[in-house]
Structure formats: structure tokens, C-alpha cells
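Q: I'm new to this one. Can you walk me through a few spots on it?
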Amino acid sequence: MWILMLILLLLGAQLNLAAIVPLQVGDSPPPWWVGGRLLWPFAVETRTLLPAGDLLNAVTPILAFASAACFLLAVAALLRRVVPEGWFPWLIATGAVLSIALQVIWFSGWVAFPLLVDVALLWAVLGQHVTVASLRGRRQETAA
């Protein structure tokens, strides 16, 4: 199960970082064997919630980097590297909320997959109360 969570977190980070370099007008989408528009859901010609210009150009990288950083820090917690395990659910919840905000701003038919990844991650930590310990097969010890 922890491998599925690892894949979802890495996928979430990649989907958000794709916003840094949206598909330009006239460019062909990436080939299907590397995911095509499914893994690259952002395009300049998308009618965004925010008007094109400085605000959109400032908010997009902030949300993209922040959400990807949260997901990558959650990966580090899952792999028991540097990041405390207790941060795991908070990092996923924060990353998913930032990612959802980014997807809503750049809303198109292509954001269905990134939103599905975000909802799956939120469901895991908020609905199923998944922790690093439960994913890695350790019993959680409670203070008596």
C-alpha cells in the first residue's frame, strides 16, 4: 500500500510542476507514451479563472512549487528521510488543497486526472487516517 501512496505523491508533484511550463499556443502535446495532456494538463490557451497577466504569472508558480514541495516532503516522510512522520498527513492535506486551487484556476477538461489524484490523497489521510506507520506496517503506539 505504501508504494501506491508513493506513486500518488510523486504523480501529484509532477502534475503540479507541469504548470510551470504550460503548453504553448500551436505546440503539439507531448506524445501519448509519456502521458500526453493527461500528465501535462496546462496550456496557455486555457481560459483561466484569473485573467492572463502578472497575477496569473505570479500565482501559478507559487501554487505549483508549494504543492509539489508538500508532496515531495510527504514522500521524504514516507521513506523515513529527514521529515518527521507526524507531518505526513498535514503535508498531504496542504499539498492537495494548494493543488486543487491551482487546478481550479487553470480549469479545463484536462484537470480531471489531477483532481482525482488530489481527492484520492485527501481521502487517504482524512477519510482513512493513513499514516506512515500504518502504510509501513508498524503498529501505532499510543500513550497509556
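A: One term to start with: buried means under 20% relative accessible area, exposed over 50%, and partly exposed in between (1.4 Å probe, protein chains only). This is a predicted model, where local features need pLDDT of at least 70, side-chain atom pairs count only at pLDDT 80 or more, and totals for chains, interfaces and linings use all residues. Residues are numbered from 1 along each chain as its sequence is written, and side-chain values use heavy atoms, with hydrogens and water left out.

Q: OK, is Ile20 buried, exposed or partly exposed, and why?
A: Ile20 is partly exposed, because its relative accessible area is 33%.

Q: Where does Ile20 lie?
A: In the loop between α1 (2–17) and α2 (36–39). Helices here are DSSP runs of H or I with at least four residues, numbered from the N terminus.

Q: New topic. What is phi of Val82?
A: Near 65 degrees, a positive value in a residue other than glycine. Most residues other than glycine have a negative phi.

Q: And where is Val82?
A: In the loop between α3 (54–78) and α4 (88–105). Val82 is exposed, since its relative accessible area is 87%.

Q: What about Arg81, buried or exposed?
A: Arg81 is exposed, at 54% relative accessible area, and is placed in the loop between α3 and α4. Arg81 and Leu11 are 70 residues apart in sequence, and their C-alpha atoms are 19 Å apart in space.

Q: Last one: where does His129 lie?
A: In the loop between α5 (112–127) and α6 (132–135). Phi of His129 is positive, near 55 degrees, and His129 is exposed, with a relative accessible area of 58%.

Notes:
Helix = DSSP H or I, 4+ residues; strand = E, 2+ residues; numbered from the N terminus.
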